[in-house]
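Here is a walk through a two-chain model, written for reading next to the viewer. Keep the sequence and the structure open as you go.

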Amino acid sequence: MAVSAAPNPQPLRTRLSAFFYRHRWLKLLLLLLPPLLWICVVYLGALAALLAHSLWTTNDLTQEVERTWSLDNFRTLWETDVYRTITLRTVGIAAAVTITDAILAFPLAYYMVRIASPRWRAIVFVGVLMPLWSSYLVRVYTWRLIMSDNGFANWSLEKLGFGSVDIAYSMWALWITESYIWLPFMILPIYAALERIPPSLLEASGDLGARIGVTFRRVILPLALPGIAAGSIFTFSLTMGDYIAPVLVSNTQFIGNVIYSNVGVANNLPFAAAFTVVPIVIMAIYLTIVRRLGAFEGL
Amino acid sequence: MEGRGTRISVTAAAALVLAFLWVPLLLIGVYAFAESKIPAWPITEFSTKWWSTAWHNTRMRDALKTSVEVAAMATAIAVLLGSAAAFAVHRFRFFGRDTVSLMLVLPIALPGIVTGLALLSAMQYGGITPSLLTIVAGHATFCVVVVYNNALARLRRTPGSLEEASMDLGADGWQTFRHITLPSVATALVAGGLLAFALSFDEVIVTYFTAGSQETLPLWIFQQLKLPNQAPQVNVVAVSVIVLTFIPVLLAQRLMRNDPAGIGGR
């Protein structure tokens, strides 16, 4: 009787496992390649196409894109007063929204970290999360309803005896709407930053004789700054690039709706692309500044 | 250490801010039951007739179907790519690791109009006609980071010793993945997927540029808002959209209760 049976070959699975265990870099490559390829091809590739378009022009007669390199679009943007005003106005509203959101977000974040019981903290956390993830368009639209002449805002103001205001389709309307839409993006980073402050630090400040006002200015605010900076990246950037809210609740031109109408009505993609480069450059400058404030640790 | 006065005033301010966040969402819920064609406050007559009108609107239904299809496909891509990226960044130290994280976050840190117009430029350049797939490609690009954030938050909290123990006990790589790694991140992936679905389902800024003549539900709403007298139907659909997205987000929140870093980082 033959006893020398061939040794059991290891199953393929085990051999594969061992192979990948020995060649860790291959595993990394397999994991990293698909997302990296996607981002490079779809996103960075598209950004490159955007930059290329910004250096091309549209033929006035044929409406065709002419692929010859020129800085004409940027020259128009720079030399036309209207576009300079629109850019300044857009940066202005983005800054106003960012400051408003920081002021509104702080007490809520502070309440969640320092005052609320665990149960209430969880409830408020969900209360911030739901608006963050719920439909952006619907929330913009709701503010259009609220601020219309016969809307909820005017009704409440009249009931409170303030008389009605005429803010429908105005800069004010846009300021309120944008502040509302992006507020959760400010609350969560400030919450995260405040949560990282050890309570003993605040007690020490109190023990050393600081009143709450001084503790706030000298201890809490500096430590919360990275969180505010992180939140401001979103409030600033998202307000600056918005075109839906400007179209729906304001009557003024912002970078977003100029790009929008150049794609839709005017059919001038190269010019729209050039104007899109403006918020990218502004964001690059902004990111460099907030990086100094430690915003990236707060993300 | 805060005095009583401080505590009360901070609580009051927090309550006001929370009310600011929620009153509009509640108001749109009430508006959806108004009888009148022209939305005005206070609402004098209530009716559910617009719910039936909206439900029987075939164009709205088609848009809803498109939205669900797009969101499902974008979510599938986002879960695959996002979890792969999270594993790679968490498990390995490699050159350009921080750049990879930055590149994944870029599509949501830059304004949506940049992503949208960039994709439109690429489509024009490559002669790609808008289709369901171009919408999906756009959505997947910014959904990846949602899954990535959630998976990474969970991986950071999962001790690596569990996997080492599994290997020490003789499990091979596949068994360890199947019985240890996957169960520990599974709920985070589901949560990330749910959030990605909600995000894609609601997206309008990028979609406008990649959709061509196709219509997702948010694009349908946006279109209706430019027409007169469509408010009652829009109100109904608006409330439905809000409620529909609450479900996946609430589920995701429950799954990620212990690692809120993921769900907060949109």
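## Chain A: contacts and overall form

In chain A, 73% of the contacts with a separation of 6 or more are between residues 24 or more positions apart. Here two residues are in contact if their C-beta atoms, placed from the backbone, lie within 7 Å. This is a predicted model, in which local features need pLDDT of at least 70 and side-chain atom pairs count only at pLDDT 80 or more, while totals for chains, interfaces and linings use all residues. For finding your way around, residues are numbered from 1 along each chain as its sequence is written, and chains are lettered from A and ligands numbered from 1 in the order in which they are written.

Chain A has 13 helices and two strands. Helices (H or I, at least four residues) and strands (E, at least two) are DSSP runs, numbered from the N terminus. The C-alpha trace of chain A spans about 105 × 75 × 35 Å along its principal axes. Its radius of gyration is 27 Å, whereas a compact globule of 299 residues would come out near 19 Å; the radius is taken over C-alpha atoms, and the globule rule is 2.2 Å times the number of residues to the power 0.38. Of the 299 residues in chain A, 44% are buried. A residue counts as buried if 20 or more other C-beta atoms lie within 10 Å of its own, exposed if 12 or fewer, and partly exposed in between, with C-beta atoms placed from the backbone.

Take Tyr191(A), which sits in helix 8 of chain A. Is Tyr191(A) buried or exposed? Tyr191(A) is buried, because 27 other C-beta atoms lie within 10 Å. Leaving aside neighbours within four places in sequence, Tyr191(A) is in contact with Ala109(A), Met112(A) and Val113(A). Phe254(A) is 63 residues from Tyr191(A) along the chain, and their C-alpha atoms are separated by 31 Å.

Tyr169(A) is in the loop between helix 7 (152-159) and helix 8 (171-195) of chain A. Most residues other than glycine have a negative phi. Tyr169(A) isn't a glycine, yet it has a positive phi of about 55°. With 17 other C-beta atoms within 10 Å, Tyr169(A) is partly exposed.

## Chain B in outline

Chain B has 12 helices and zero strands. Its C-alpha trace spans about 70 × 65 × 30 Å along the principal axes, and 49% of its 266 residues are buried. Residues 24 or more positions apart make up 79% of the contacts in chain B with a separation of 6 or more.

How confident is the predictor? Chain B has a mean pLDDT of 89, with 97% of its residues at 70 or more; pLDDT is the predictor's confidence in each residue, from 0 to 100. For the complex, the predictor gives an ipTM of 0.89 and a pTM of 0.90.

## Helix packing in chain B

Helix 7 (residues 161-168) and helix 8 (residues 173-202) of chain B have axes that come within 10 Å and cross at roughly 145°. Axes are lines fitted to C-alpha atoms, for helices over the stretch in contact, and angles run from 0 to 180 degrees between N-to-C directions. Helix 7 of chain B contributes Leu162(B), Glu163(B), Ser166(B) and Met167(B) to the contact, and helix 8 of chain B contributes Thr176(B), Ile180(B) and Thr181(B).

Helix 10 (residues 217-225) of chain B is largely enclosed by the rest of the structure, because seven of its nine residues are buried. Among the buried ones are Trp220(B), Phe222(B) and Gln224(B). The buried residues of helix 10 of chain B pack against elements of both chains, including helix 6 (136-147) of chain A and helix 11 (231-255) of chain B.

## Where the chains meet

How many residues of chain B are in contact with chain A? There are 76 of them, touching 78 residues of chain A. Helix 1 (residues 4-31) of chain B supplies the largest share of chain B's side, 16 residues. By class, that side has 60 nonpolar, 11 polar and five charged residues. Ala, Val, Leu, Ile, Met, Phe, Trp, Tyr, Cys and Pro count as nonpolar, Asp, Glu, Lys and Arg as charged, and the others, Gly among them, as polar.

Ala88(B), in helix 3 (residues 58-91) of chain B, is one to click on. Leaving aside neighbours within four places in sequence, Ala88(B) is in contact with Leu28(A), Leu31(A) and Leu32(A). Ala88(B) is buried, since 22 other C-beta atoms lie within 10 Å.
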